[in-house]
Amino acid sequence: MSLLSIENLSLSIHRFDILADVSLSVAPGEIVAVTGESGSGKSMTALAVMGLLPDSASTRGRIDLDGTDILKTPEPGMCAIRGQRVGMVFQEPMTALNPVKTIGDQVAETILVHKAMTPAKALDRAREMLDRVGLPADRFPLSRYPHELSGGQRQRVVIAMAIALRPKLLIADEPTTALDVTTQAQILDLLKGLVADYGMGLLMITHDLAVVADMADRIVVMRNGEVVEQGPTADLLVNMQHPYTRMLFAASGHQVSLPPPPAPVPLLQVQNVHRDYRLSRTRLFGDPGYFRAVNDVSFTLNRGERLGLVGESGCGKSTLTRAILGLENIQHGQILLDGQPVFTGHKPNLAVRRKMQVVFQDPFGSFNPRHRVDRLITEPFHLLVSPPTGTARQDAIAEALTAVGLRPQDAQKYIHEFSGGQRQRIAIARALITRPDLILFDEAVSALDVSVRAQILDLMAELCTAYDLTYLFISHDLSVVRTVTDRVLVMQAGQIVEAGETADVFTNPQHPYTQTLIAAAPQLPDLEALQRRQSHV
Amino acid sequence: MGHHRPNVTAMLRYSLKRLTSLLISLAVASLVIFLVIEVAPGDPASFMLGINAQPDTVAALRTELGLDVPKWQRYLDWVGGMLRGDFGTSYTYRTPVAGMIGDRLWVSLPLALFALTLSTAIAFPAGIYAASRRGKPGDVAVMGATQLGVAVPNFWFAMMLVLIFAINLRWFNAGGFVGWDAGFWAGIRSLTLPAISLALPQAAILARVMRSSLLDILGEDFMRTARAKGLSRRQALWQHGVRNALIPVLTIIGLQFSFLLAGSIIIEQVFYLPGLGRLVFQSISSRDLIVVESVVMLLVFSVILVNFLVDLAYALVDPRLRTRT
């Protein structure tokens with residue numbers, strides 16, 4: 001007997017078909033993971049169950065929640081169901097809570113809006129729920145405001161709100177995507193514990209196949225609004241039927257082979273770097289405090305080497321990146337590129353600056369939407385003393401676009417005409433066009449779907465062979481760093497706690513923090529073993 | 001429920017900080033006003049005596065008015081006097097400035113408060129209603145009305161109101177102020193038409209700010225969270241939307257109050273009200289610098305005070321501001 005059953009759900013918004021014949025079910029106490037890339041319709045499926053679709057959506061099919069047909073229930077009836085019979089947890093904990101209300105009030109509100117208890121009892125239940133999700137009363141009184149909590153703690157509050165009335169079904173839409181790996185592991189454990197304790201059904205939406213394989217009892221794979229394959233986790237992992245499912249898993253664990261690095265010649269030298277941020281004064285004439293974002297960091301990046309920098313949010317990796325780019329001055333130590341300081345006096349050293357380029361995370365936000373691609377990718381030319389003009393410029397544009405797998409004709413298009421992966425290729429073309437000595441990849445593949453990410457990683461490996469790239473690859477994603485770097489630095493609280501050959505660090509981490517990080521990162525099931533088994537069949 | 005009390009010490013510390021900044025602003029403002037008015041061309045003494053006055057008569061009057069002592073001393077005397085409630089004597093009318101301002105303030109302050117209350121009372125429901133019906137006929141109607149309110153000058157409203165309610169219907173007087181001695185309601189009655197004409201354009205602006213601020217909030221993630229908990233659209237709007245939307249609205253209310261206090265000169269003129277705006281205008285025309293200085297200082301004080309109150313209101317609305325500097 002299933003708790004939730006979706007039968008042939010089709011959904012269109014303004015005549016655009018979003019979902020087509022989606023069928024799936026969740027039993028009490030079962031964790032069902034819906035996975036797929038962006039645009040697959042997995043979030044819309046969740047919103048349809050909640051009855052929170054946009055007004056312009058029209059639906060066909062049936063969503064049965066414990067005997068109630070959701071699609072036929074009018075809005076007042078849905079208000080009674082939401083929060084009481086089905087709870088929902090969202091992706092972005094930093095903005096999911098009302099900033100002007102205490103966490104106690106917000107958890108109690110779920111109870112009060114359904115008039116399930118008296119206000120005093122509702123606050124007692126709120127307290128009980130916060131305790132249950134790991135926010136004990138001594139450190140997290142009901143009077144706390146969301147801004148006083150970290151992302152992981154806020155996600156716990158959101159979960160407490162969702163389960164306050166012990167709903168039979170919990171929907172979690174990418175509940176850990178915005179969190180660090182160690183926090184992610186804790187939240188996933190919490191969700192698993194709640195499902196076991198309360199016998200809830202959990203419909204979990206996530207793009208992360210490692211999380212899916214680890215958590216789910218059953219997996220539903222979606223693409224372009226359709227379910228392409230579903231089944232019990234163990235079965236599905238062994239007998240993937242659909243090529244898309246196989247492609248997804250293969251792309252998630254995609255490995256590239258880098259050419260061996262040349263003999264070590266130092267290119268970037270970071271020596272005893274400190275970066276302090278001034279805090280606001282607590283007293284009018286008191287000394288302002290300082291926050292040391294980067295604390296005594298030293299490392300050398302050799303020419304032709306691919307170096308990784310991993311750490312959780314707030315560890316100082318972005319600050320360090322900015323300092324290397326000469327965007328910020330440092331308080332102590334020095335950063336040299338080819339023996340020259342990146343920052344002199346009060347401004348970046350342009351002679352050094354032009355030898356570096358950077359590729360950022362957001363492939364759309366880092367481009368001016370009103371410029372054509374040729375202008376976008378030639379932006380670094382303004383750093384050069386004598387930028388190429390005329391035919392030389394056209395040739396440079398054509399070469400850079402060809403190098404990243406696009407066509408020279410694409411130079412005349414605008415950025416909105418490209419997909420996310422193509423945009424990131426353009427960002428790489430922009431970084432390549434001046435033939436820099438060093439490229440910084442700052443979370444450059446973190447926003448991409450796995451299939452696109454695999455292509456970009458392949459491209460990076462190709463470029464390493466063709467252009468002898470030297471890069472610093474900054475990321476929170478350990479699996480990616482593992483395949484595209486030769487050496488890796490692990491950063492925690494402003495310090496480099498471990499450095500070494502990538503393979504060594506991952507197989508035999510020395511520092512406790514590195515060990516925690518690697519243990520917390522969800523592991524894909526051993527695909528090679530699966531593939532071996534399949535090739536024998 | 002004890003946990004509802006905002007953190008009292010944080011709130012106190014925040015208020016003290018704001019108060020310090022208020023005092024510093026006042027000191028700086030008084031200095032600037034004094035300097036600006038001192039360098040303004042035109043000697044009050046020769047202005048009062050006319051162009052044919054003898055130099056020694058002018059000199060005598062300068063001594064009498066205290067214009068011959070060093071400037072820094074006059075500044076200190078002026079500030080010291082104001083702290084004791086002594087704003088000096090008007091050059092033109094030879095009466096204490098404090099009394100002149102006091103009389104006018106009894107008209108301008110109630111008028112400003114009355115107009116502000118009206119504009120808030122119109123703007124909040126209108127803005128919230130429009131935001132909750134975004135793109136629907138109700139929203140379009142409210143937005144159209146506010147467009148009109150912003151575009152039409154308030155003196156035109158004033159004249160229309162006079163035409164309809166004073167001349168045709170005879171519900172109100174066309175102008176003048178009966179004075180508070182005639183009774184509270186009589187006073188309110190003679191301020192009603194001016195207050196409405198002042199309030200309408202302000203309400204139009206405020207309603208637009210309320211609407212757009214609320215629309216921003218309605219798109220926030222926490223509104224979706226509220227709906228997922230089982231709140232209806234309306235409940236989510238009132239319980240999570242409105243308070244979060246208040247910050248920009250409070251800012252505009254603060255600015256509007258300062259404007260209403262002194263910027264109502266045209267409306268005062270239309271309704272023959274003895275308010276501050278007309279006093280400033282007359283004093284500037286007659287080089288009655290001491291009155292100008294005092295009124296300007298008073299207005300600056302009220303702006304800074306209102307900003308202080310708005311800051312306190314921010315902190316009451318948004319707990320994040322209490323812990324920040």
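Which residue stands opposite A:Gly308 in β20(A)? The close-up views below come from a predicted model.

**View 1. Strands β13 and β20 of chain A pair side by side.** A:Phe473 in β20(A) is the residue opposite A:Gly308. Strand β13 covers residues 306–310 of chain A, and strand β20 covers residues 471–475. The two run in the parallel sense. Five bridges join them.

**View 2. Six strands of chain A form an open sheet.** Their order is β18-β19-β20-β13-β21-β22. The pairing is mixed. β18 (356–359) and β22 (495–501) of chain A are the edge strands, and each pairs on one side only. On average, neighbouring strands are turned by 20° against each other, direction ignored.

**View 3. Helix α10 of chain A packs on the sheet.** This helix spans residues 317–324. It touches β13, β19 (438–442), β20 and β21 (487–492) of chain A. The direction of α10 makes about 155° with that of β19(A).

**View 4. Domain 1 (4–252) and domain 2 (266–529) divide chain A.** Their centres, taken over C-alpha atoms, are 34 Å apart. In the contact, 18 residues of domain 1 meet 17 residues of domain 2. On the domain 1 side, α6 (181–198), α7 (209–215) and α9 (243–252) of chain A each supply at least two residues. That side has 11 nonpolar, three polar and four charged residues.

**View 5. Chain A touches chain B.** Chain A brings 32 residues to the contact, and chain B brings 23. On the chain A side, α2 (75–81), α3 (103–113) and α5 (151–163) give two or more residues. α3(A) gives the most, with four residues. By class, the chain A side has 18 nonpolar, 11 polar and three charged residues.

Methods. Residues are numbered from 1 along each chain as its sequence is written. Chains are lettered from A and ligands numbered from 1 in the order in which they are written. This is a predicted model: local features need pLDDT of at least 70, side-chain atom pairs count only at pLDDT 80 or more; totals for chains, interfaces and linings use all residues. Two residues are in contact if their C-beta atoms, placed from the backbone, lie within 7 Å. Ala, Val, Leu, Ile, Met, Phe, Trp, Tyr, Cys and Pro count as nonpolar, Asp, Glu, Lys and Arg as charged, and the others, Gly among them, as polar. Domain bounds come from an automatic or database domain assignment. Two strands pair if DSSP finds at least two bridges between them. Axes are lines fitted to C-alpha atoms, for helices over the stretch in contact, and angles run from 0 to 180 degrees between N-to-C directions.
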